[in-house]
Amino acid sequence: MAWFSKKPRISTEAEQPSESRPSRMEGLWAKCESCDEIIYRQDLEKNWMVCPHCEHHHAWPARARLAGLLDPDSFEEFDKELEPQDPLGFSDSKKYKDRLKSTRKNLGENDAFISGVGRIEGHQVSVGAFVFEFMGGSMGSVVGEKVARVFERAHDLKCSALVFSASGGARMQEGIFSLMQMAKTSAAIARFRTGTRPYISVLLNPTTGGVAASFSWLGDVILAEPKALIGFAGPRVIEQTIRQKLPEGFQRSEFLLDHGMIDSIVHRKELRTKLGQILGLLG
Ligand SMILES: [Zn+2]
């Protein structure tokens with residue numbers, strides 16, 4: 001029976017690598033995740049990925065964010081050459097090595113964090129931003145090292161530190177090496193604190209897991225974007241563990257502000273001005 005050996009003419013979804021699957025934010029038109037309005041993608045990009053109809057803050061790529069918030073041409077990137085290794089030879093549905101290779105090819109980034117030195121309204125900052133599209137912004141040994149160096153650089157230059165977090169947490173594929181980064185980054189902040197400059201942490205949607213449980217929540221000033229999901233374990237895991245329904249808006253920025261966990265919620269369009277004010281007062 002020849003047709004037994006025939007290959008299917010269409011590939012199944014499972015065969016398609018998740019890194020290349022199109023999202024509803026790709027293409028010429030985009031659909032707002034909140035109000036379902038169809039928006040011309042260029043308009044959305046010009047509006048810093050904020051929906052012009054309902055003000056929903058869509059994911060804003062790290063490089064566009066740094067270009068939009070820092071003074072023009074002030075950003076100098078560091079540690080771009082650092083590349084992740086595969087110390088455990090890890091493999092799940094795909095080899096970690098292959099996953100890294102395809103993600104790096106698709107995004108043109110070596111790992112999930114971009115860092116360097118720049119200026120905001122003239123104030124020098126050692127800055128870093130997560131690339132959430134890179135394996136959910138997960139923190140492995142390279143991300144942890146780059147985060148630690150943000151604080152080391154700020155300490156050496158005697159300038160403020162600024163980190164934009166958007167992460168699913170520790171990178172499971174690196175096991176204990178990724179969990180170690182929580183301690184390493186926290187220790188780097190402790191050393192940075194022997195100086196007098198502030199660390200401003202900006203929490204984006206989502207900031208969870210080991211990233212939320214370490215340097216992201218150690219800011220001297222903690223800001224968040226509207227309606228960002230911020231917490232250690234996700235709401236579904238907590239509900240299943242405590243067998244109780246969680247309150248409306250649990251782990252969203254507004255809920256956290258009401259409960260004293262963050263200092264302020266800042267609209268993306270006002271963030272540059274707000275950062276400039278804080279750096280002017282504290283930096
Ligand atoms: Zn909308």
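What you see is a predicted model, where local features need pLDDT of at least 70, side-chain atom pairs count only at pLDDT 80 or more, and totals for chains, interfaces and linings use all residues. Residues are numbered from 1 along each chain as its sequence is written, and side-chain values use heavy atoms, with hydrogens and water left out.

**The zinc site**

Helices (H or I, at least four residues) and strands (E, at least two) are DSSP runs, numbered from the N terminus. Cys35 has 30% relative accessibility and counts as partly exposed; Cys54 is also partly exposed, with a relative accessible area of 30%. On this scale, buried means under 20% relative accessible area, exposed means over 50%, and partly exposed is in between (1.4 Å probe, protein chains only).

An unreviewed UniProt entry places a "zinc finger region: C4-type" at residues 32-54. UniProt positions use the numbering used here, feature names are shortened, and annotations may be inferred rather than shown by experiment. Over residues 32-54 the chain is 26% helix and 13% strand, with its end C-alpha atoms 9 Å apart.

**Helix α5**

Next comes α5 (residues 175-192). Its 18 residues should span 26 Å at 1.5 Å a residue, and its end C-alpha atoms are 27 Å apart, which agrees. The expected span is 1.5 Å times one less than the number of residues. The buried residues of α5 include Ser178, Gln181 and Phe192. Those buried residues pack against α4 (141-157), β6 (160-167) and β7 (199-208).

**Salt bridges**

How many salt bridges does a search of the whole structure find? It finds 15, counting a side-chain nitrogen of Lys or Arg within 4 Å of a carboxyl oxygen of Asp or Glu. Here are three of them.

| Pair | N to O distance |
|---|---|
| Glu225 and Arg65 | 3.2 Å |
| Asp79 and Arg153 | 2.7 Å |
| Asp92 and Arg99 | 2.6 Å |

Glu225 and Arg65 are both buried. Asp79 is buried at 9% relative accessible area, and Arg153 is buried at 11%. By contrast, Asp92 is partly exposed at 39%, while Arg99 is buried at 14%. Asp79 and Arg153 also belong to a network of salt bridges with Glu145, Arg149 and Lys184.

**Phe132**

Finally, Phe132 lies in the loop between β5 (123-130) and α4. Phe132 is partly exposed, with a relative accessible area of 33%. Not counting residues up to four places away in sequence, Phe132 touches Gly137, Ala166, Ser167, Gly168 and Pro206. Contact means heavy atoms within 4.5 Å.
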